[in-house]
Amino acid sequence: MAQSPLIELDDVGKVFITGALRHEVLKHISLKIEEGEYLALMGPSGSGKSTLLNILGCLDVPSGGHYRLEGREIASRADAELARVRNQFFGFVFQSFNLLGRYTVEENVALPMVYRGLARRERLQRARDLLARVGLKDFTRHLPSELSGGMQQRVAIARALVNSPKVLFADEPTGNLDSKTGQEIISLFGELSAEGTTLVVVTHDPRVAEHARRVLTLIDGEIVGDKRNGEAA
Ligand SMILES: Nc1ncnc2c1ncn2[C@@H]1O[C@H](COP(=O)(O)OP(=O)(O)OP(=O)(O)O)[C@@H](O)[C@H]1O
Ligand SMILES: [Mg+2]
């Protein structure tokens, strides 16, 4: 029997209603993401990329259609159930790094482990291991404000990895970074992908798209392109 895709969207739509306005932001999205893929999501501003990423990562729910994770339908709209799915399967990185300014770098990374019943010492040790992994072993006791933007984004990536997610979602991870620093983040994603992490990255940055192995293009809430790098256009 063929294995189920890691994530499957089947005819998913998303409608936002503001006052009397009904805005159909995603239309008939059908998509399979397999374990180990490195997928870039591109498209003009307002095309629905972040909305799609949020649905893929169970940060938001579809208005219609089906969402399956490892073949199991996730029909729940309950926040607690969605949070459980996120904690167990997903890590997130955003354009603004969302680090807590009063905590050290290692404390920031250790934070998502609080609910796993690990002792503080173990949490900090794992945080330090992950910080070494992203090239920041000498900055564990610093405050985020003492680090450059690229380093802060690496802290955010380490934090996203603490619960060993099956999928790392990133929304414009290089959007606030200069070109050279952005390149470091792209290289790190390449390494994570080579190690088997599934990556889904929303980006305007053509360099990210070059490194990804599959590029989805959205326009007006519809998938208009789904290309594997190395294939003819
Ligand atoms: N919570 C919301 N309520 C109402 N409309 C929304 C909401 N979130 C997004 N939208 C609308 O949905 C459309 C798609 O937004 P989305 O943020 O997914 O676009 P995007 O492709 O990520 O754009 P950008 O590249 O600018 O980040 C936009 O027109 C936006 O105004
Ligand atoms: Mg967006």
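**Close-up views of a predicted model**

**View 1. Strand 1 (residues 7-18) and strand 2 (residues 21-33) run antiparallel and are joined by nine bridges.** This is a predicted model, in which local features need pLDDT of at least 70 and side-chain atom pairs count only at pLDDT 80 or more, while totals for chains, interfaces and linings use all residues. Residues are numbered from 1 along each chain as its sequence is written, chains are lettered from A and ligands numbered from 1 in the order in which they are written, and side-chain values use heavy atoms, with hydrogens and water left out. Strands (E, at least two residues) and helices (H or I, at least four residues) are DSSP runs, numbered from the N terminus. Two strands pair if DSSP finds at least two bridges between them. Among the bridge partners in strand 2 are I33 for I7 and I29 for V12. The two strands form a hairpin with two residues between them. In the turn, G19 has a positive phi of about 60°.

**View 2. An open sheet of four strands has the order 2-1-4-5.** The pairing in this sheet is antiparallel. Strand 1 is joined to strand 4 (residues 64-69) by five bridges, and the partner of D10 in strand 4 is H66. Strand 2 and strand 5 (72-73) are the edge strands, each pairing on one side only. Strands of a sheet pair through backbone hydrogen bonds, either parallel or antiparallel.

**View 3. K14 is a lysine in strand 1.** Is K14 buried or exposed? K14 is buried, with a relative accessible area of 7%; buried means under 20%, exposed over 50% and partly exposed in between, for a 1.4 Å probe and protein chains only. The side chain of K14 reaches the backbone oxygen of V61 at 2.8 Å. A polar contact is a pair of N or O atoms within 3.5 Å; within protein, one must be able to donate a hydrogen and the other to accept it, and residues adjacent in sequence count only if both atoms are side-chain atoms. Leaving aside residues up to four places away in sequence, K14 touches H23, E24, V25, L26, T51, I55, D60, V61, P62 and S63. Contact here means heavy atoms within 4.5 Å.

**View 4. Helix 6 (residues 179-194) has 16 residues.** From its first C-alpha to its last, helix 6 reaches 23 Å, close to the 22 Å expected at 1.5 Å a residue. The expected span is 1.5 Å times one less than the number of residues. D178 caps the N-terminal end of helix 6, with a side-chain oxygen 3.1 Å from the backbone nitrogen of K180. After helix 6 comes G196, whose phi is positive, near 110°.

**View 5. Helix 6 has a buried side.** Which residues of helix 6 are buried? They are T181, G182, I185, I186, L188, F189, L192 and S193. These residues lie on the same side of helix 6 because they cover an arc of only 160° around the axis, the arc being that of the directions from the helix axis to the C-beta atoms. An α-helix has 3.6 residues a turn, so residues three or four places apart point the same way. K180 and A194, on the other side of helix 6, are exposed. The elements against which the buried residues pack are strand 3 (38-42), helix 4 (120-133), helix 5 (149-160), strand 7 (167-171), strand 8 (198-202) and helix 7 (206-211).

**View 6. Ring pairs link F89, F90, F92, F94 and F169 into a cluster.** The structure holds five aromatic pairs. Rings of Phe, Tyr and Trp (its six-membered ring) pair if their centres lie within 6.5 Å; planes under 30 degrees apart count as stacked, over 60 as edge-to-face and the rest as tilted. F89 and F90 form a tilted pair, 6.2 Å centre to centre with 50° between the planes, and both residues are buried. F92 and F94 form a stacked pair, 6.2 Å centre to centre with 5° between the planes. F92 is buried, with a relative accessible area of 16%, whereas F94 is partly exposed at 28%.

**View 7. C58 and D220 have a positive phi although neither is a glycine.** Phi of C58 is near 60°. C58 lies in the loop between helix 1 (49-56) and strand 4 and is buried, with a relative accessible area of 3%. For D220, phi is about 50°. D220 sits in the loop between strand 9 (214-219) and strand 10 (222-228) and is exposed, with a relative accessible area of 54%.
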